[in-house]
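Hi,

Here's the structure I said I'd pass along.

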Amino acid sequence: MALNLNAQGILAAATIAMYIPFLFISFKVASKCGIWRGRWTSLLVFCIMRVLGGAFLVAAEEITPVNDGLYTAGYMLEVAGLAPLLLCTLTLLRLIFDGPGGEPTDETIFHSLRIFNASGVLLTVIGFSTVSRSISGASTLRKGGFLIFSVQYIALVGICIFLWTQVRLVMKYRKRLLKAISFALPFLAVRTVYGVLSTITTDTFAGSTTSSNTSSLAEFDLVTGNWQIFLVMSMVTEYAVVIIYTVSAFVLPLDQEFKSQDLNEDIFPLNRP
């Protein structure tokens, strides 16, 4: 049976097709490195969110009468999906500081940014769950969540810049990981900017919405905006980051660096107090 989908529904279906392969690939990578160690687990969570979000939006297009709950769930996963990508980037940056024991000297900044990330997700989820009661209040919560994501991205760039100033102390394969992260950050920047703009301009996520957005940022509206902008600034940029991180997971034998040298504190200068 042919699906009767609009542009957003077609993009949602494409998202499912794009991320199902990476769902299995990221599970393999996360399992190999230890799911509970968290190195690549965030990437797996992101892929799950993209497949589920796409499924909710496709189902919402097909089900009659209109089920606004499916639209809300789909768009919530779309918006909150930035969080695991940011968290994955944070985890990989932390990995560069690792010594053979698996812990950097000072975890304060990393713990703080993890809590920051969770706070952004919480505000975003609450913002979606309360949209039917107070559109303005829900919008404020979502904007607060994306403000947190934006600050976290800036912090990630700061950590990356610091590591480049200390690059002579970074081990061989971790140096390559740093290059991969640096290459991914511009894509993540575009995605973050799109998230901020769409959060500012999108007030309702109901599938039955017929009113058009008349604001100056209407093209960034997640529901009624320009689908080409969404494709380039959201879907393509996210996919680029996922590809970069997945390839890095397969080609960089990060754990082998600890087995190829005599372990002493001089080998891990970034890990020293």
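Predicted model: local features only at pLDDT ≥ 70, side-chain atom pairs only at ≥ 80, totals over all residues.

The protein chain has eight helices and zero strands, so the element order from the N terminus reads simply α-α-α-α-α-α-α-α. Of its 273 residues, 50% are buried. If you take the contacts with a separation of 6 or more, 74% of them are between residues 24 or more positions apart. The chain exposes about 12800 Å², and carbon and sulfur atoms supply 67% of that.

Helix α4 (residues 82-97) packs against helix α7 (residues 172-201) at an angle of about 155°, with the axes 10 Å apart. The two are therefore roughly antiparallel, since angles over 145 degrees count that way. The crossing of α4 past α7 is left-handed. On the α4 side, the contact is made by L82, L85, L86, T89, L92, L93, L95 and I96. The α7 side brings R174, L177, L178, I181, L185, L188, R191 and T192. Sorted by class, that contact has twelve nonpolar, two polar and two charged residues.

Is R174 buried or exposed? R174 has a relative accessible area of 0%, so it is buried; the cut-off for buried is under 20%. R174 and L93 are 81 residues apart in sequence, yet their C-alpha atoms are 9.2 Å apart in space.

Helix α4 also meets helix α8 (residues 227-251). Here the axes come within 11 Å and cross at roughly 30°, which makes α4 roughly parallel to α8. This crossing is left-handed too. From α4, the residues involved are L85, C88, T89 and L92, and they meet E238, V241, V242 and Y245 of α8. By class, the α4 contact with α8 has six nonpolar, one polar and one charged residues. Note that L85, T89 and L92 are listed in the contact with α7 and also in the one with α8.

Still in helix α4, take a look at L90. With a relative accessibility of 1%, L90 counts as buried. Which residues does L90 touch, leaving aside those up to four places away in sequence? They are F110, L113, R114, Q152, L156 and I159. L90 is also 65 residues from A155 in sequence, with 9.3 Å between the two C-alpha atoms.

Next comes the pair α5 and α6. The axes of helix α5 (residues 108-129) and helix α6 (residues 135-165) come within 7 Å and cross at roughly 155°, and α5 and α6 are therefore roughly antiparallel. Once again the crossing is left-handed. The contact of α5 with α6 has 15 nonpolar, eight polar and one charged residues.

Last, a backbone detail. Most peptide bonds are trans. The bond joining T64 and P65, however, is cis, with omega at about -5°. You'll find P65 in the loop between α2 (41-62) and α3 (68-80).

That's everything from me for now.

Cheers

Notes. Residues numbered from 1 in each chain as written. Heavy atoms only, no water. Axes fitted to C-alpha atoms, helices over the stretch in contact; angles between N-to-C directions. Helix = DSSP H or I, 4+ residues; strand = E, 2+ residues; numbered from the N terminus. Parallel < 35°, antiparallel > 145°, perpendicular 65-115°, else oblique. Left-handed = near helix turned anticlockwise from the far one by under 90°. Contact = heavy atoms within 4.5 Å. Nonpolar A, V, L, I, M, F, W, Y, C, P; charged D, E, K, R; others polar. Buried < 20%, exposed > 50% of the residue type's maximum accessible area, 1.4 Å probe, protein only. Areas by Shrake-Rupley, 256 points an atom, 1.4 Å probe, with all protein chains shown as cover.
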